[in-house]
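Here are my notes on the model, point by point. Please read them with the structure open.

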Amino acid sequence: MPGKLQMRERNGVTSTTISYLSSRWVRRTACLLGTFLLVSLAGCTGDRSILDPAGPAARDVRLIWWVMLGFATLVLIGVTALWLYAFKPRNVERTPAQERRIARRWIIGGGIMLPVASITALLLFGVSAGQRMLTLPMSEPPEVIEVIGHQWWWEVRYPDAEGGEVVTANQLVMPAGEPVDFHVSGADVIHAFWVPRLGGKIDMLPGRVNKIRLQADEPAVFGAQCAELCGVGHAHMQLHVEALPRSEFEAWLTARQEATLSELAVADATYDDARDAFMTHCARCHQVAGVSQGGIGPTLSDVGGRATLGAGVIAMEEGAVSRWLQHHQTLKPGNKMPTHSDIETDTLDALGAWLEALSP
């Protein structure tokens, strides 16, 4: 015994050292765990957090998430406990028949009963939640908004607007406090429409219209994102979503009627040169009401009134459009608008100033 103690002391491993190392390991583990929890909690809020719901569908999704997390935690604790128990030394002799019975119990319990119970519980919660997002008939038909995904921007249409269809891009305004039916599709590849704080996502398929019913409880601004990998610009395909009281929503639509936007586009004669430059370089792709028909890229009839440019790439502020025109391939690599290196900077500045003035 003394020899063993001396050997341990020579190697520098004493009970005090072991105790110190153990306590240091516990402190480090606690620190890492605390950091992980803080980082995790930081994702519980924000305009794209499913854990901060702003509508009935999103609350259902949050409930499912918490149920799944709780059940998965219980399963993890149980499996870990059994794993530790399996390493416990014991002198037990069993016959081959007993070993087979034990194996069958684990297969039936862990391989059949546990998955069946998990899937059944998930279906009980998930089916009812999903049903509430279906566009089922209502006594009073809800507002319909059409959303079309492009590489890499959003086309938003209001077919039932009083006075005629309203079309905009990269912004979605909806009435608050009432259900809204979204009819979504893809123009080129598969995209996905997802407003995390309002509910689940739905795929946007070329040649097919999918439908989902969402509701915002009160006026607010939400972030939305394409949730299906759709190419190099996927990460820069964001959608500005805003819920307004019904009266403000109606006023927003009225301000974007074709006749109103056409008058806005040609109202100021100081922008005549900019309009001529637009007709030369941009009219083939972009629509401006009263000026061009476009049809390839996003409509620009109300671009000055949008919160962002390039589907969320930069904020709309003074000089933002000119900056976008000059550096759009750097700001959003891969977008389908050609470079404007052949156009003078003064012309691009004039174009930008005119387009920023198109704010209903």
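1. Contact here means heavy atoms within 4.5 Å. By that rule F182 touches I145, V147, L172, M174, F193, N210, K211, I212 and L214, leaving aside residues up to four places away in sequence.

2. A word on provenance. This is a predicted model, in which local features need pLDDT of at least 70 and side-chain atom pairs count only at pLDDT 80 or more, while totals for chains, interfaces and linings use all residues. Residues are numbered from 1 along each chain as its sequence is written, and side-chain values use heavy atoms, with hydrogens and water left out.

3. Overall make-up. The protein has nine helices and twelve strands. Helices (H or I, at least four residues) and strands (E, at least two) are DSSP runs, numbered from the N terminus. Of the 360 residues, 35% are buried. Buried means under 20% relative accessible area, exposed over 50%, and partly exposed in between (1.4 Å probe, protein chains only). Among contacts between residues at least 6 apart in sequence, 62% join residues at least 24 apart.

4. Nonpolar cores. A nonpolar core is a set of buried Ala, Val, Leu, Ile, Met, Phe, Trp, Tyr and Cys residues joined through side-chain atoms within 4.5 Å. The largest has 39 residues; Y158, L172, M174, F182 and F193 touch the most other members. Strand β10 (residues 238-244) contributes the most to this core, with four residues. A second, separate core has 25 residues, including V321, L325, L331 and L351.

5. Helix packing. How do α7 and α9 cross? The axes of α7 (residues 272-281) and α9 (residues 345-356) come within 9 Å and cross at roughly 105 degrees. The two helices are therefore roughly perpendicular to each other. From α7 the contact uses A274, R275, A277 and F278; from α9 it uses T347, A350, L351, W354 and L355. These contact residues divide into seven nonpolar, one polar and one charged. On terms: axes are lines fitted to C-alpha atoms, for helices over the stretch in contact, and angles run from 0 to 180 degrees between N-to-C directions. Angles under 35 degrees count as roughly parallel, over 145 as roughly antiparallel, 65 to 115 as roughly perpendicular and the rest as oblique. Ala, Val, Leu, Ile, Met, Phe, Trp, Tyr, Cys and Pro count as nonpolar, Asp, Glu, Lys and Arg as charged, and the others, Gly among them, as polar.

6. Salt bridges. The rule is a side-chain nitrogen of Lys or Arg within 4 Å of a carboxyl oxygen of Asp or Glu. The count comes to 13. R197 and D52 pair at 3.7 Å, N to O. This pair links distant parts of the chain, 145 residues apart: R197 is in the loop between β6 (191-193) and β7 (202-204), D52 in the loop between α2 (15-42) and α3 (56-86). R197 is buried at 15% relative accessibility; D52 is partly exposed at 25%. R306 and D302 meet at 2.7 Å. R306 is buried at 7%, and D302 is buried at 0%. E143, E178, R246 and E250 are linked in a network of salt bridges.

7. Backbone points to check. The peptide bond from Q151 to W152 is cis, with omega near -5 degrees. W152 lies in the loop between β1 (143-150) and β2 (153-158). N170 is not a glycine, yet has a positive phi of about 60 degrees. N170 is buried, with a relative accessible area of 8%.
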